[in-house]
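Dear colleague,

I am handing over the structure below, and after it you will find a short account of what was found. Please keep it open while you read.

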Amino acid sequence: MELNHSFTVAASPERTWELLTDLGEVGGCFPGAKVTSYDEENFEGEVKVKLGPIAVTYQGKGRFLERDDEARHAKIEGVGRGLRGLGNATAVATLDLSGDGEGTRVDVITDLSITGKPAQFGRGVMQSVSDKLLGQFVACLESKLG
């Protein structure tokens, strides 16, 4: 399933890119996520997500598949195993940043694959949940960007 999002923050592309590629700092902005270890290219942690009537906790890891600091383009893969046998999730997020007036436009395309019980929820539920999570994520980014 492909999910598309765009948002604008009131910070320079340079500062926004710096924050978005700091895996430890930006990981804490994702609602329900806890980064337990990271370096410049990899991270490990867990994320709790509520899908309809169920809450799922995924433990996993991720890494940069691509990172072009000059073009401000990245592709990040995250792979998680659901606790209590609730299936697995894989996401590959492609980020592209561009100047937008005095701010930065961020375009995100996420290729999401979910197995197990959470897979019963359709695209509408997944899009709705991801829209809500993105709103919280952007608010956190904006607070960090000052």
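A residue is called buried when its relative accessible area is under 20%, exposed when that area is over 50%, and partly exposed in between, with a 1.4 Å probe and only protein chains considered. By this rule, buried residues make up 42% of the 146 residues in the protein.

Please bear in mind that this is a predicted model, in which local features need pLDDT of at least 70 and side-chain atom pairs count only at pLDDT 80 or more, while totals for chains, interfaces and linings use all residues. Residues are numbered from 1 along each chain as its sequence is written, and side-chain values use heavy atoms, with hydrogens and water left out.

The protein has three helices and seven strands, where helices (H or I, at least four residues) and strands (E, at least two) are DSSP runs numbered from the N terminus. Along the sequence they follow the pattern β-α-α-β-β-β-β-β-β-α. Computed along the principal axes, the C-alpha atoms fill a box of roughly 45 × 30 × 25 Å. 

The structure also holds one disulfide, a term used for a pair of cysteine sulfur atoms within 2.5 Å. Cys29 and Cys140 form this disulfide, with their sulfur atoms 2.1 Å apart. The pair links distant parts of the chain, 111 residues apart, since Cys29 lies in the loop between helix H2 (23–27) and strand E2 (33–38), whereas Cys140 belongs to helix H3 (residues 123–145). The torsion about the S-S bond of Cys29 and Cys140 is about -70°, so the disulfide is left-handed. Both Cys29 and Cys140 are buried.

With kind regards
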